[in-house]
Amino acid sequence: MAETHCPYCALQCGMNLTPGAAGVEVAGREFPTNRGGLCRKGWTAAAVLGTPDRVTEPLIADGRGGFAAASWDMALDLIAERLIKLRSSYGADANGVFGGGGLTNEKAYLLGKFARVALGTAMIDYNGRFCMSSAAAAANRGLGLDRGLPFPVTDLDQAGQLLLLGSNVADTMPPFVQHLDGIRAGGGLIVVDPRRSATADLTADGGGLHLQPVPGTDLALLLGMIRIAIAEDLVDHDYLVARTEGFEALARSVAAWHPARTQTVTGVPASLIRQAVRLLASRAGSYVITGRGVEQHADGTDTATAAINLALVLGLVGRPDSGYGTLTGQGNGQGGREHGQKADQLPGYRMITDPTARAAVAEVWGVPADRLPGPGLPAVRLLASIGEPGGIRSLLVHGSNPVVSAPRSLAVAERLRRLDFLVVSDFVLSETARLADVVLPVTQWAEEDGTLTNLEGRVIRRRAAVTPPAGVRSELWILTELARRLGETTGFSADPETVFDELRRASAGGRADYSGISYARLDQGEACYWPYPEGGRSTPRPFTDGFPTPSGRAKLITVEYRGPADRLHRRGELVLITGRLLEHYQSGAQTRRVPELAAARPEAMLEIHPATASALGIGDGEPVRLHNDRGECRVRAVYSKAIRRDTVFLPFHFPDRQRANLLTTEETDPVSGMPEFKVASVRVERVAADDHVEVGE
Ligand SMILES: Nc1nc2c(c(=O)[nH]1)N[C@H]1C(S)=C(S)[C@@H](COP(=O)(O)OP(=O)(O)OC[C@H]3O[C@@H](n4cnc5c(=O)[nH]c(N)nc54)[C@H](O)[C@@H]3O)O[C@H]1N2
Ligand SMILES: Nc1nc2c(c(=O)[nH]1)N[C@H]1C(S)=C(S)[C@@H](COP(=O)(O)OP(=O)(O)OC[C@H]3O[C@@H](n4cnc5c(=O)[nH]c(N)nc54)[C@H](O)[C@@H]3O)O[C@H]1N2
Ligand code: SF4
Ligand SMILES: [Mo]
């Protein structure tokens, strides 16, 4: 039996895996985030290990739309040859790398090093740009540090009030909901979501509040809330003086957001907004937490900033009984953003433009600092550079399926086809892998050792329970072998603990300092939260003694409401919002291969209000066409009174013509590079049943 964690989301529920004749048996394991509980995806995760279409040998495209199996030497020699040729013809930045927030810390670290040292390219970014970048940018500029939750999840067990903005934890992290029991019982849960999501429904029993704004107006709502806090003198004056700076300017900047105007813009009744602010300010133990619903917008960084400002004016951040945080999404969404997969970062959450950081990391890597490239392009721009002068001509993809999950996915798929060379490391033929010149089959979670950093900034151990199929390799091995073929004979290792020990050194002195954390400490069961410097201590609550800003105070940063990138609410158009279902994970590459989950949710369904649907002549369960100037999508409609009448909801887990991302925009947040996944203007029409296209056709 191996004590490990779930392969999917950032809650990283504890799991025990026992190999048996019928496959690997999954059992929930006592761990503070899940207390033995798992969701449906967790329980069924082992099905992907033995999926009948698992890739178990390297594949090389045969030029006729198919693949031919190849030996590892053949595949790796071909990749090295092509990358070297592209580098000599077009320069080092012609080779691009695309990582993932599901990769272990060790893989994420080695991938960043591989890009900068072995390929010498600046062009590396990852799917966390689609996920955490706005909340990260907001926390860095306001609080001086980006650690998703700067407190253990179990702190919420004692909390009184929680403002949960754009997060549907009841579907996206079901075992997390048990930490809200006390809050719910006391009527302290406030959920902000244009849908009455499963989470918004949790406000029903205890008497909490559901605020149902017009999509994309959360920033206006928060500005209005801050103004109410100031106008009703609910702010914490002593805290503002001692622990923050910028209050005067903030107060001026929200002055025009009087309740009536806030109500007009957001559609949320002013009385409800007032009630929410008073509830948060009423007693000790209040928390403000954001999710993707408010972050995946062209103004996501400013919205997260306003959420931080609200928490600061109420005096909530850095206190033992209250706080602000964001819910990290992917399994290693936190660690994945700290060790150098991000275009502008080096390990330890250091900035690649900082000369001191460059010198420190270059020394660990044994290379001159001036050999390290500068910052590359954020994910959306990296993908958009394909086919442009000076753009990337090859891409190595590790742990992402952008053909389904990237915004404006039709254009993305076209560009990937135009690459000179595409290499995808995966364990299945994902929609992206199908377009590759070479597919490299890799090990899965239950077959490997490593570490991940969960949503609380706690580093945890992944442990191998089973032996992988003969033909697959770990990514650490692949990167080491490729580096050798590119001339780097030292400095790369396929052994996770060796890589982690190097990561510790490379992170020492950085914001995310892991130097005090070791496999030995983790294996003894010590709870290790970063920063944890060598000779120092674990930091479960980093803001207790001050903020890591130059002044030691948090910064109240003024922000303005601009609204979404698309022009919304034009005649005949609806607002499309996108998100998740309990049963599927991300692009669905894994969960669509789990028979139980695929049977429960075989296809995408468009949630639409019955009144809106009837006006358009759309019956419950009937096929519809959604379209805008970026693309068109075919799905079935399902009536739901839980959604606003001007809004429709589509999950993004499905491929082909059911892809929600055929309709999303490539507009990004100017600070973070986060795409606006959460709002798009669409037209919806009924189509004849025989005109409907199923998945795979
Ligand atoms: N089942 C499942 N669980 C997952 C994942 C998964 O794919 N499937 N993925 C994991 C990952 S990577 C992530 S990032 C997390 C994401 O976790 P969440 O943030 O909880 O997930 P989403 O469903 O993307 O969005 C949350 C809510 O935002 C709402 N929303 C949409 N537009 C707006 C808006 O303009 N304003 C507001 N206030 N709300 C809006 C949606 O209606 C939705 O209910 O989940 C993790 N857990
Ligand atoms: N419209 C819309 N689009 C969205 C979102 C949304 O809310 N709405 N959410 C966005 C968010 S928050 C996220 S996080 C992204 C995620 O979207 P993706 O980046 O596509 O994430 P996954 O589907 O998890 O893709 C992981 C792929 O890598 C494989 N894989 C898993 N583990 C490993 C590993 O260790 N190594 C390797 N090499 N491969 C592995 C899986 O089989 C799968 O094919 O989607 C974004 N896209
Ligand atoms: S909540 Fe997340 S970590 Fe827990 S079992 Fe479900 S998918 Fe896995
Ligand atoms: Mo995510």
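In this predicted model, a nitrogen atom of ligand 1 is placed 2.8 Å from a polar backbone atom of Leu581, a polar contact in the sense of a pair of N or O atoms within 3.5 Å, where pairs within protein must also join an atom able to donate a hydrogen to one able to accept it, and residues adjacent in sequence count only if both atoms are side-chain atoms.

Residues are numbered from 1 along each chain as its sequence is written, while chains are lettered from A and ligands numbered from 1 in the order in which they are written. Local features need pLDDT of at least 70 and side-chain atom pairs count only at pLDDT 80 or more, whereas totals for chains, interfaces and linings use all residues, and side-chain values use heavy atoms, with hydrogens and water left out.

Around ligand 2 there are 30 residues, the closest being Ser400, Ser405, Asp426, Glu475 and Ser587. Here side chains supply polar contacts: a polar side-chain atom of Asp426 lies 2.6 Å from an oxygen atom of ligand 2, and a polar side-chain atom of Lys678 lies 2.8 Å from an oxygen atom of ligand 2. A nitrogen atom of ligand 2 is, in turn, 2.9 Å from an N or O atom in the side chain of Thr578.

The shell of ligand 3 consists of Cys6, Tyr8, Cys9, Gln12, Cys13, Leu38, Cys39, Lys41, Gly42, Met173 and Pro175. By class, this shell has 8 nonpolar, 2 polar and 1 charged residues, where Ala, Val, Leu, Ile, Met, Phe, Trp, Tyr, Cys and Pro count as nonpolar, Asp, Glu, Lys and Arg as charged, and the others, Gly among them, as polar.

Turning to helix packing, helix H16 (residues 355-365) and helix H21 (residues 496-507) have axes that come within 9 Å and cross at roughly 155 degrees. H16 is therefore roughly antiparallel to H21, a term for angles over 145 degrees, and their crossing is right-handed. Val361, Val364 and Trp365 of H16 meet Glu502, Arg505 and Ala506 of H21, contact meaning heavy atoms within 4.5 Å. This contact of H16 with H21 has 4 nonpolar, no polar and 2 charged residues.

Helix H12 (residues 259-266) packs against helix H13 (residues 270-282) at an angle of about 110 degrees, with their axes 9 Å apart, so H12 and H13 are roughly perpendicular to each other, the term for angles of 65 to 115 degrees. H12 likewise passes H13 in a right-handed crossing. Their contact involves Pro259, Thr262, Gln263 and Thr266 of H12 together with Ala270, Ile273 and Arg274 of H13, and its residues divide into 3 nonpolar, 3 polar and 1 charged.

Two features of the backbone remain. Trp530 and Pro531 are joined by a cis peptide bond with omega of about -5 degrees, and Pro531 lies in the loop between strand S21 (528-529) and strand S22 (554-555). Arg408, although not a glycine, has a positive phi of about 50 degrees, and Arg408 is found in the loop between helix H18 (402-405) and helix H19 (409-418).

Conventions:
Axes fitted to C-alpha atoms, helices over the stretch in contact; angles between N-to-C directions. Helix = DSSP H or I, 4+ residues; strand = E, 2+ residues; numbered from the N terminus. Parallel < 35°, antiparallel > 145°, perpendicular 65-115°, else oblique. Left-handed = near helix turned anticlockwise from the far one by under 90°. Near = heavy atom within 4 Å.
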